[in-house]
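Thanks for making the time this morning.

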Amino acid sequence: MKKLENLDQFRSWAKEAGFVYSSSEIYGGFAAVYDYGHYGTLLKNNIQRLWEKSLTQNRNDVVLLDSGIFMHPKTWVASGHVGGFDDVLVEDKKTHKRFRADHVIEEWFEKKGENKSMDKKTATELAEVIKEFNIKSPEGNDLTEPRSFNLLVKSNLGTTDASFTEENVTYLRGETCQGIYLEYKNYRDTLRLKLPFGIAQVGKAFRNELVARQFIFRTREFEQMEMQYFHKPEDKKKLFEEWKESRMKWHIEEMGINPENLRFKEHDKLIFYATAAFDIEYNFKTLGGFKELEGIHDRGDYDLTQHSKFSGEKLDYFNQETGERFTPHIMETSVGLNRTLMMVLEEAWTEEELTTPNGEKDFRIVLKLKKSLAPIKVAILPLSKKPELQSKSLEIQNLIRNNYMTQYDETASIGKRYRRQDEIGTPYCITIDFDTLNDNAVTVRDRDTMQQVRIKTDELNDYLKHNLY
Ligand code: GAP
């Protein structure tokens, strides 16, 4: 049994199998932006639906929001992103390749068998480390002085002026949670929510990532699934532990991840808005090991205090029982949808060796996805293109398509069609043969065991319901 070995293999498989394409390929590509194909989109939608379900359908204290990508420009000044949302970069003086300074230093120490975190250090601090240890680029060349670059993406929305001045600039949101803070007042006043409560949203975020060579792990346009939990300050310790546990459980139970491939990592140095922070990391073998998947941040009262100060609006909470007025604190869970999809694909991708009925060695790529995540739940495969089998197959597809995402495929041999479905993770293949015309039964093949059973068509929906959910 083999797993994905490197990013090049991952990228080309994801394209060939119809999951992820590089953007604008016909124009030579567009760096760090990706398009999701039919199967990629279906998988992404399934992940999003399960995230929303775990927070809203399965709880009583979290509600949804879909806020605008564009917000008042002051949002990003108040949030601290205009002043302090930077990446520190260095350049190889010979090859002119750019790297994140913290990554170059960490990798340099790793090669020496030392584990040092450079997370969130300033340009000056990183420059000192480079100088002290005489750190070179990965190709062994001298590095330029570290320099800070702001990650916010600017736009000229609503102005005829082509230049970006402080007066006319609008930003594409750098994180989705800011939309939640701006709506806190409306949710408090119109939905009459009582603390503690959460607001969750899924949507696009944009960052001017200058070093983005890691497939869909780090891109300039991506989707975040963020939940902000508003609470009393004294509850923070308990809530932090509860959210850590709940989010880890979701990755294991709902995304089907082996717990050995997940771990918590506490931040050594905190980003400007956080007073405590843990990452959930996944062992991305195609990226060389454990990397951040999700952040769980105790943001304190930073965000509501800042937005209250800059907007002049009171963003507090009145406790009618105690007569107390205070600014709620916020516990954040923030996970990349695209990064989750990358994890799910990497975890599920398996190459298996098989023996054919006549004793020859063969292999198949099979995506061992949780059935709830599979883009296609059932494939409908007529044994031949004979019209009577085609019409019977479409009739059977119509029996179940209202309940499950199905795919009709009549091209190539049945063996090849099984392989195609295994590769995209389809749990069940239904084959319609000439016997079906007489006995109204079909062959159902299981993706994982490859075992086949004969099922009467009028029992098909019950069989699938029992086995898929
Ligand atoms: N609101 C908090 C926040 O945005 P973050 O650690 O910057 O925190 C949260 O981002 C998550 O968003 C990350 O753990 C990651 O999954 C995802 N993410 C961040 N930057 C990304 C990028 N450039 N490309 C893809 N996903 C990204």
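Predicted model: local features only at pLDDT ≥ 70, side-chain atom pairs only at ≥ 80, totals over all residues.

Along its principal axes the C-alpha trace spans about 75 × 65 × 50 Å, and of the 469 residues 50% count as buried. If we take the contacts with a separation of 6 or more, 67% of them are accounted for by residues 24 or more positions apart.

Let me turn to the interior. In soluble globular proteins, nonpolar side chains tend to be buried together. Here the largest nonpolar core has 57 residues, and those with the most contacts inside it are Trp13, Phe19 and Ile47. What does Ile47 contact once its neighbours within four places in sequence are left aside? The list is Met225, Trp250, Met255, Leu337, Thr340, Leu341, Val344 and Leu373. There is also a second, separate core of 16 residues, which includes Cys177, Tyr181, Leu193 and Ile330.

A search of the whole structure finds zero disulfides. Cys177 counts as buried because its relative accessibility is 0%, and Cys429, at 1% relative accessibility, counts as buried too.

An α-helix has 3.6 residues a turn, so residues three or four places apart point the same way. In α5 the buried residues are Ala101, Asp102, Val104, Ile105 and Phe109. Seen down the axis of α5, these buried residues fall within an arc of 165 degrees, so they line one face of the helix. The face of α5 turned away from that buried side carries the exposed residues Glu110 and Lys111. And what covers the buried residues of α5? The cover includes strand β4, residues 86-91, strand β5, residues 98-100, and helix α6. Just after α5, Gly113 takes a positive phi of about 80 degrees.

A search of the whole structure finds 18 aromatic pairs. One of them is formed by Phe109 and Phe133, an edge-to-face pair at 5.0 Å centre to centre, with 80 degrees between the planes. This pair links distant parts of the chain, for Phe109 is in helix α5, residues 101-111, while Phe133 is in helix α6, residues 123-133, and the two are 24 residues apart.

Tyr229 and Trp243 form another edge-to-face pair, at 5.2 Å centre to centre and with 65 degrees between the planes. This pair, too, links distant parts of the chain, with Tyr229 in strand β10, residues 221-231, and Trp243 in helix α8, residues 236-253, 14 residues apart. Tyr229 and Trp243 are both buried.

The charged end of Lys44 sits over the ring of Tyr36, 5.1 Å from its centre, and Lys244 lies over the face of Phe264, at 4.9 Å from the ring centre.

Finally, some backbone details that I would ask you to look at on your own screens. Most residues other than glycine have a negative phi, and most peptide bonds are trans. Against that background, His96 has a positive phi of about 60 degrees although it is not a glycine. His96 lies in the loop between β4 and β5, and at 51% relative accessibility His96 counts as exposed. Phe215, which is not a glycine either, has a positive phi of about 55 degrees and is found in the loop between β9 and β10. Phe215 is buried, with a relative accessible area of 2%, and together with Phe10 and Tyr34 it forms one aromatic cluster.

The last item is a peptide bond. The bond from Leu195 to Pro196 is cis, with omega near -5 degrees, and Pro196 has its place in the loop between α7, residues 177-190, and β9, residues 197-206.

Definitions and conventions: Residues numbered from 1 in each chain as written. Heavy atoms only, no water. Phe/Tyr/Trp six-rings, centres within 6.5 Å; stacked < 30°, edge-to-face > 60°. Helix = DSSP H or I, 4+ residues; strand = E, 2+ residues; numbered from the N terminus. Buried < 20%, exposed > 50% of the residue type's maximum accessible area, 1.4 Å probe, protein only. Lys NZ or Arg CZ within 6 Å of the ring centre and 35° of its normal. Disulfide = S-S within 2.5 Å. Arc of directions from axis to C-beta. Contact = heavy atoms within 4.5 Å. Core = buried A, V, L, I, M, F, W, Y, C linked by side-chain atoms within 4.5 Å.
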